[in-house]
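Subject: Structure handover

Hello,

Here is the structure I promised you. Please open it and keep it in view while you read.

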Amino acid sequence: MVGNTGDRDQKRFTLKLISDPSYAVQLAVAKHCAFKDNPLNKTMYPMDDENVSLPWLAERERRAIMEGKSTITVIIDNDDSGADGEKIAAYARWKIPAKFRPENPDYKQRDDEDKQEGGISVGAGSTAALTVAEELDGRKYIEPPLPAGSNVPLVTEFRAALNMLRKTYWNEETEYLLGSLSTDPSYQGQGCGSLLLDWGVRHADANGAAIYLESTPVAQKLYKKFGWKAVDRMELDLGKYGGPNLMHGLTAMRREARSTSSS
Ligand SMILES: CC(C)(COP(=O)(O)OP(=O)(O)OC[C@H]1O[C@@H](n2cnc3c(N)ncnc32)[C@H](O)[C@@H]1OP(=O)(O)O)[C@@H](O)C(=O)NCCC(=O)NCCS
């Protein structure tokens, strides 16, 4: 299903809602490219082996799609999409309260097909496996096990800090969460991130809902431009976990809803 971005849609780029798990690998690649130089990610997942990290990331994406509680929007580059498939230039994952969540029309039709499908095999070193049937029946999201070589203490601290911030600043019953935003480096600075944010803020504004997120240093300026304000910050001492000797900060930000009648 193609999102209607109206006049704002650039000719080359189309915004699309993703509800089909066959996109999982492309989503993982888009995210991996954007974050591969991020010091936090490099310290959490230091193994320099895409054969291990990409299948794991893809399995996470696939499970998030199957769970049906995330809304995934991507920007497709129409100039680079053809018989080989669509080229995903940028990706955003939102958590939207059920009462506001856009319909995923593919789900109903897909249900029966999916029960016969296998999952993506998670890379070498996985310590547990989950059967696809088990996951689909309950439509539960269960994280795939971390790939071999992950920095478990750092991932644990990072997730605990994230959860603490979310408990404090995000009301999941009534507010949106932007859980992930990434643009393939070869497309950065061409407006793809802004197209994704524009979709999200319009959607949230139409429902009178705030949007919470945690920002990397590089993205803060962009979020401020769209109306987010810093509310808190977490600092991770990467040196303590075997990474570079620096404090890596993530900024918790909120954007309150704006009245759509005046925009
Ligand atoms: C943050 C990010 C998603 C922005 O995506 P994007 O598609 O480049 O965004 P836009 O093209 O809409 O540009 C946004 C702004 O950033 C600037 N920008 C982004 N990437 C740039 C680059 N590589 N070089 C120069 N400027 C860049 C743009 O000039 C623009 O600023 P302006 O409005 O003042 O001109 C992208 O840089 C990214 O994926 N970064 C790595 C992952 C990350 O940190 N994600 C954020 C998670 S919270």
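Below is what was found in it, from the overall build to single residues.

This is a predicted model: local features need pLDDT of at least 70, side-chain atom pairs count only at pLDDT 80 or more, and totals for chains, interfaces and linings use all residues. Residues are numbered from 1 along each chain as its sequence is written.

**Overall build**

The protein chain has eight helices and seven strands. Helices (H or I, at least four residues) and strands (E, at least two) are DSSP runs, numbered from the N terminus. Of the 263 residues in the protein chain, 34% are buried. Buried means that 20 or more other C-beta atoms lie within 10 Å of the residue's own; exposed means 12 or fewer; partly exposed is in between; C-beta atoms are placed from the backbone. Now take contacts between residues at least 6 apart in sequence: 75% of them join residues at least 24 apart. A contact needs C-beta atoms, placed from the backbone, within 7 Å.

**The sheet**

Seven strands form an open sheet, and the pairing is mixed. The order is β1-β2-β3-β4-β5-β7-β6. Two strands pair if DSSP finds at least two bridges between them. β1 (13–18) and β6 (229–237) stand at the edges with a single partner strand each, so one side of each has no neighbour in the sheet. From one strand to the next, the twist averages 25°.

Start at β1. Six bridges join β1 to β2 (residues 70–82), and the two run antiparallel. Leu 17 has Thr 73 in β2 as its bridge partner. β2 and β3 are also antiparallel, over nine bridges. There, Asp 77 stands opposite Lys 87 in β3. β3 and β4 run antiparallel too, joined by six bridges. Tyr 91 has Ser 182 in β4 as its bridge partner.

**Helices on the sheet**

Helix α1 (residues 24–35) lies across β2, β3 (85–95) and β4 (176–183), at about 80° to β3. Helix α6 (residues 152–169) lies across β5 (211–215), β6 and β7 (247–255), at about 160° to β6. Axes are lines fitted to C-alpha atoms, for helices over the stretch in contact, and angles run from 0 to 180 degrees between N-to-C directions.

**The cores**

A nonpolar core is a set of buried Ala, Val, Leu, Ile, Met, Phe, Trp, Tyr and Cys residues joined through C-beta atoms within 7 Å. The largest has 49 residues. Ile 75, Ala 90 and Leu 196 have the most contacts inside it. A second, separate core has six residues, including Tyr 45, Phe 158, Leu 236 and Leu 238.

**Around the ligand**

How many residues surround the ligand? There are 18, and the closest are Thr 183, Gln 188, Gly 193, Ser 194 and Thr 216. Near means a C-beta atom, placed from the backbone, within 6 Å. α1, β4 and α7 (192–206) each give two or more residues to this shell. The shell divides into eight nonpolar, ten polar and no charged residues. Ala, Val, Leu, Ile, Met, Phe, Trp, Tyr, Cys and Pro count as nonpolar, Asp, Glu, Lys and Arg as charged, and the others, Gly among them, as polar.

Ser 194 is found in helix α7. Ser 194 is partly exposed, because 16 other C-beta atoms lie within 10 Å.

Best wishes

Note on methods:
Contact = placed C-beta atoms within 7 Å.
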